[in-house]
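Subject: Handover of a structure and its findings

Dear colleague,

Please find below the structure that I am handing over to you. The findings follow directly after it, arranged by topic.

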Amino acid sequence: MIVQLFPRLDRLAVDALLSTRADDTVCPEPVVDADSFPVETRYAASGGSPIRHEILIAIRAGLEEIAVGCGFPDRGSAADRARFDERASAFLAQRNELDGGEALRDDVWAFLACVVLPDLVAWRFADRPAERFHGGVRNTFQRLWMRGCILDRGASAERRWELLGALTEDALVQITERPSVGNDARLARALAEGWLRASQRLGRSAMEDAMREAVIRLRLRNQVQLLSALDDQELEKAVDAFFAQSSTADEPRRRSWAARED
């Protein structure tokens, strides 16, 4: 099977391209025609062939369709943009072309954000921070692809993508932007499932502090015991314990005792 190579932009090329777009009143134009790619565009030196033009068009069209359904090109609400993140995550996670080593490269996502999808980046993040164009966990689309891959319950699951819509942005960031968690898909998914169970007990408003404390406990525990080596039942029990030990988890009990005393 011939590997299809995505175009790439390194950090210097991204910075140079962004400097030409300093006027944030102008919406950046997408480019999917290889003849019009920036001169700094590169491919891997060997091991495959450049990806077909039609695939870039399909990725562009799919994400644009999702964005239009969420209000694009109008700014819309925060809920609209959160819905875009959820749907785009599932879309990207199911693209076969991204199921391989190419999608693990930051410079591939930098190219997609800067060249193929820049108007969607500008819509999703109105202040257009450079980190949303550069490759990495803050890249507009790389972070969504990571979420989709990590939180996918599997094609046979009844609510396959539930975690993408159920978790708050803070919870998703805690999972995907910490390498010790996000780089282990099984551990990350277990943490997400634990968050969902804990939120049903504590309420979503209490989950930001509870999640931060649980992540600290998980990372400390993982240094002395490889949590991903536990079986499913043991891992679920361990994660639930991390949330149960949080200071937030004691609040419902304190309120219950206070009500009894009254």
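I begin with helix H11, which covers residues 207-224. Please note that this is a predicted model. The 18 residues of H11 reach 26 Å from the first C-alpha to the last, close to the 26 Å expected at 1.5 Å a residue. Buried in this helix are Met207, Ala210, Met211, Ala214, Val215 and Leu218. These residues cover an arc of only 130 degrees around the axis, which puts them on the same side of H11. The other side of the helix has Ile216, Leu220, Gln223 and Val224 as exposed residues. The cover over the buried residues of H11 includes helix H8 (169-176), helix H9 (179-182), helix H10 (185-202) and helix H12 (232-244).

Gln223 lies in helix H11, and it counts as exposed because its relative accessibility is 66%, where the cut-off for exposed is over 50%. Gln223 and Arg212 are 11 residues apart along the chain, and their C-alpha atoms are separated by 17 Å.

The whole chain

The protein chain holds 13 helices and 2 strands. Its C-alpha trace spans about 75 × 40 × 35 Å along the principal axes. Of its 262 residues, 45% count as buried. Among contacts in the chain with a separation of 6 or more, 73% are between residues 24 or more positions apart.

Helix H12

H12 is one of the helices that cover the buried residues of H11. Its 13 residues should span 18 Å at 1.5 Å a residue, and the end C-alpha atoms are 18 Å apart, which agrees. Leu235, Ala238, Val239, Phe242 and Phe243 are the buried residues of H12. Seen down the axis, they fall within an arc of 140 degrees, so they line one face of the helix. These buried residues pack against H10 and H11. Gln233 and Lys237 are exposed, on the face of H12 turned away from its buried side.

The crossing of H6 and H10

How do the axes of H6 and H10 cross? The axes of helix H6 (residues 142-151) and H10 come within 8 Å and cross at roughly 85 degrees. The two helices are therefore roughly perpendicular to each other, as an angle from 65 to 115 degrees counts as such. On the H6 side, the contact is made by Cys149, Ile150 and Leu151. On the H10 side, Ala185, Ala188, Arg189 and Ala192 take part. By class, this contact has 6 nonpolar, no polar and 1 charged residues.

Helix H6 also contains Gln142. This residue counts as buried because its relative accessibility is 5%, and the cut-off for buried is under 20%. Not counting residues up to four places away in sequence, Gln142 touches Asp106, Trp109, Gly135 and Gly136.

A buried arginine in a loop

Is Arg8 buried or exposed? Arg8 is buried, with a relative accessible area of 11%. Its place is in the loop between strand E1 (3-5) and helix H1 (11-19). Leaving aside neighbours within four places in sequence, Arg8 is in contact with Glu40, Thr41, Arg42 and Ala44, and also with Glu102, Arg105, Asp107, Val108 and Phe111. Val115 is 107 residues from Arg8 along the chain, and the C-alpha atoms of the two are separated by 9.9 Å.

Backbone features in two loops

Two further loops deserve a look when you inspect the backbone. In the loop between helix H2 (53-69) and helix H3 (78-93) lies Pro73. A cis peptide bond joins this proline to Phe72, with omega of about 10 degrees. The loop between helix H5 (118-124) and H6 contains Arg128. Arg128 is not a glycine, yet it has a positive phi of about 50 degrees.

With kind regards

Methods: Residues are numbered from 1 along each chain as its sequence is written. This is a predicted model: local features need pLDDT of at least 70, side-chain atom pairs count only at pLDDT 80 or more; totals for chains, interfaces and linings use all residues. Side-chain values use heavy atoms; hydrogens and water are left out. Helices (H or I, at least four residues) and strands (E, at least two) are DSSP runs, numbered from the N terminus. The expected span of a helix is 1.5 Å times one less than its number of residues. Buried means under 20% relative accessible area, exposed over 50%, partly exposed in between (1.4 Å probe, protein chains only). The arc is that of the directions from the helix axis to the C-beta atoms. Contact means heavy atoms within 4.5 Å. Axes are lines fitted to C-alpha atoms, for helices over the stretch in contact, and angles run from 0 to 180 degrees between N-to-C directions. Angles under 35 degrees count as roughly parallel, over 145 as roughly antiparallel, 65 to 115 as roughly perpendicular and the rest as oblique. Ala, Val, Leu, Ile, Met, Phe, Trp, Tyr, Cys and Pro count as nonpolar, Asp, Glu, Lys and Arg as charged, and the others, Gly among them, as polar.
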